[in-house]
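Let's take a friendly walk through this structure together. Have the viewer ready, and we will go step by step.

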Number of protein chains: 2
Amino acid sequence: MPVNPRAAHLALALRCVAEQSGAISRAGISAATGLNRSTACSLIEELMAGGLVKEVGSRRESSRAGRPGTALGLRNDGPAGLGIDVNVDYTAVCVVDLTGAVRYKHVVSEDQRGQDTHEVLDRIARLARGAQNAAEADGLALCGSAVAVPGIVDRRGATVTLAPNLGWRDLDVTEVLPADVHGERAALDNEANFAALSEQELIRSGASYLYVSGQIGVGAGIVLDGTLYRGSHGWSGEIGHLTIDRDGPECPCGRRGCLERYAGHEAILRATSISSGVGTTLGVRPTVDLIAARARAGDAQTLEALATAGRTLGFALAGCLNLLDVGTIVLGGIYRDLAPWIGPEVEREVRAQFVGARWADPEVRAAAYGAEAPALGAARSVVRDVINDPIRWLAR
Amino acid sequence: MPVNPRAAHLALALRCVAEQSGAISRAGISAATGLNRSTACSLIEELMAGGLVKEVGSRRESSRAGRPGTALGLRNDGPAGLGIDVNVDYTAVCVVDLTGAVRYKHVVSEDQRGQDTHEVLDRIARLARGAQNAAEADGLALCGSAVAVPGIVDRRGATVTLAPNLGWRDLDVTEVLPADVHGERAALDNEANFAALSEQELIRSGASYLYVSGQIGVGAGIVLDGTLYRGSHGWSGEIGHLTIDRDGPECPCGRRGCLERYAGHEAILRATSISSGVGTTLGVRPTVDLIAARARAGDAQTLEALATAGRTLGFALAGCLNLLDVGTIVLGGIYRDLAPWIGPEVEREVRAQFVGARWADPEVRAAAYGAEAPALGAARSVVRDVINDPIRWLAR
């Protein structure tokens, strides 16, 4: 929360509107925040003048004094956030309005491995421009952008430190993206972190959860009490390199027996005898569709491969639960598509290995969104920043 | 932060005083918080009238207007927190004042295993009364108490769900302790969580760290950005049951190959050929002193046992770092005493297994306090609650 009192009060009032959009009046905000009625009214005037809040009709609640109990809601024609996900075999872009609703999306399938980084950056810039134009044509005003990458990022320097599957090292990707209204560059984060932020309902309820993103690599976004926990350097959630077996197979990271070698996309392809060469040609999504189709058809080798991957993933996640005690595990990325087969194995391992399991079963659920999750979460993180600190937007 | 604006401002002002006790004036508080000078002055008056803040002399800084730049500090003759640590072979009690300084402490060594719980509870009540009397004789006013136990607690129900080494199950320990000024019962938490809160300097700096507490069991307290993270049920930090080897030795928890079986007190005793029977007779502390003495004398078997325990502990902690990316690991409990031998092994494993290690080495350090850490952290958590929300104390 901002320290400046006016800024803090604006944030407090806007958060109340966001949490009960369409169902809260000025009197309700006064009651919920402890701010007196005239302060609440003046804050709402400022938020309305700034294009963040609007009146959405009258409420039936009786109002003892002052303005009638008109319901307030977030504007869906004000600021909008742009999110981009640069993945190994596709680039996705999306725009959300202040309510978090998707107003534009576009996905380009193209294998980025081995491509010239200038070409990749050009494509990102082009996609971002297209999204920005579409948003503006829709009456929205871009308030910032955020980009998700499969790798380790330096958020302070806004560079991708290492994205092994893209072949990127110390690359500045944000310079080609639209700056925000104050000229600040796009935000940058790991795809699992942004994917975790796509789970808007869990965030709104203040839940603590671990969002596991199965891609070519395996990562996790940690959300504690509704807030993404990024770690001291922004490197939290590197569960793909949790060691399952110190004598296990070599990992490209230089260690042995990492979770990715058992439960990552390539490992599942290998175990299902869909050669990883096909994975390279087809891209991740079609191979996952193929695996799911075989599993649905009852193919024994596929079912066994998914059970093994699920058990290993569940074993690692049970360890995470012993450390973090979050209430929910969200299966995202390829694990979302494979959740009917992987989910039960994860649940079984969690019940067996989580110390608290005899008193409370953590929920294991499939993610709300599939491949669009990182771009959507990135875009939502942009508008969430406006809701958490509206004075920056108001002072534009 | 409290939602009521006055309460939030009081908390903000008091936090400023706490962070720069003895070195901040009213003008400094106004500058740091963005509150105007007269508001800052009136908040300070209220905090002074409530016995939380005092003037501690004048500062040399020039003050353009209003009151002279008198330095403000926390009172050390106001509210005090009582902390109790019920451990397997001792009970410790301590009282701290608002600055976190220890004003009273007392430790009773007695093996609690197999004892009648009424007797144990009577002893706790007696120790607490003695501490309260001593605090009051010292001019302090108890503002609450907190109790640390080696086990899984139900913080909502204020009962110890399971403390296997004490033989406790669903036991209410807080009923025998002094209530706070509003009649609220003592706080209850796992000993590792409270021990983590004894690291006052790390907390003040807003650091993120993992505090590993080696006792008969092994637990951890997770502090993120200066705040203890307890988990959805209060069960975070159960690292003693992270699985090192699924085919490893049986653990009393019913699983196999848990960290405690390799790096816990009993495991180290066994590997050093100090029989665990001696551990039961002598208590934990003397056996640890014996191990440290042998290690200092260069005993090969002891050095090898400590290196093995340190490697296994470091392996588990590197996994925790991959998940949490905290900047510091604090070695507490028996690991503090054994840090000269265990610490380097932990550092080596972290460098080998932590994904971020090539860009940033997490710090591995010995805890600031030994056996007194849980009681001290419990007591400090009580006064910290007053600093974080002073209006509850002021409204007493």
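**A sheet in each chain, and the contact between them**

In S8(A), the residue that partners Asp154(A) in a bridge is Thr159(A). Keep in mind as you look that this is a predicted model. The pairing behind that bridge joins S7(A) to strand S8 (residues 159-163) of chain A, running in the antiparallel sense over three bridges. Strands of a sheet are held in pairs by backbone hydrogen bonds, either parallel or antiparallel.

Now move over to chain B. Here, too, three strands make an open sheet in the order S7-S8-S9, and the pairing is antiparallel. Strand S7 (152-154) and strand S9 (168-172) of chain B are the edge strands, pairing on one side only. S7(B) and S8(B) are joined by three bridges in the antiparallel sense, and Asp154(B) stands opposite Thr159(B) in S8(B).

How many residues does each chain bring to the contact? Chain B gives 52 residues and chain A gives 52 residues. Between them, about 4200 Å² of area is buried, with carbon and sulfur atoms giving 62% of that. On the chain B side, Trp235(B), Leu323(B) and Asp325(B) supply 17% of the area that chain B buries against chain A, more than any other three residues.

What about polar interactions? Between chain B and chain A there are 28 residue pairs in polar contact, counting pairs with both residues at pLDDT 80 or more. Several elements of chain B each supply at least two residues of the side that touches chain A, among them helix H1 (5-19), strand S8 (159-163) and helix H13 (339-353). H11(B) gives the most to that side, with six residues. By residue type, the side of chain B that touches chain A divides into 25 nonpolar, 19 polar and eight charged residues.

Finally, look for the charged pairs: two salt bridges are found across the interface of chain B and chain A. In a salt bridge at 3.2 Å, N to O, the side chain of Arg246(A) meets that of Glu349(B).

Note on methods. Residues are numbered from 1 along each chain as its sequence is written. Chains are lettered from A and ligands numbered from 1 in the order in which they are written. This is a predicted model: local features need pLDDT of at least 70, side-chain atom pairs count only at pLDDT 80 or more; totals for chains, interfaces and linings use all residues. Side-chain values use heavy atoms; hydrogens and water are left out. Contact means heavy atoms within 4.5 Å. Buried area is the accessible area (1.4 Å probe) that two parts lose on being put together, summed over both. A salt bridge is a side-chain nitrogen of Lys or Arg within 4 Å of a carboxyl oxygen of Asp or Glu. A polar contact is a pair of N or O atoms within 3.5 Å; within protein, one must be able to donate a hydrogen and the other to accept it, and residues adjacent in sequence count only if both atoms are side-chain atoms. Helices (H or I, at least four residues) and strands (E, at least two) are DSSP runs, numbered from the N terminus. Ala, Val, Leu, Ile, Met, Phe, Trp, Tyr, Cys and Pro count as nonpolar, Asp, Glu, Lys and Arg as charged, and the others, Gly among them, as polar. Two strands pair if DSSP finds at least two bridges between them.
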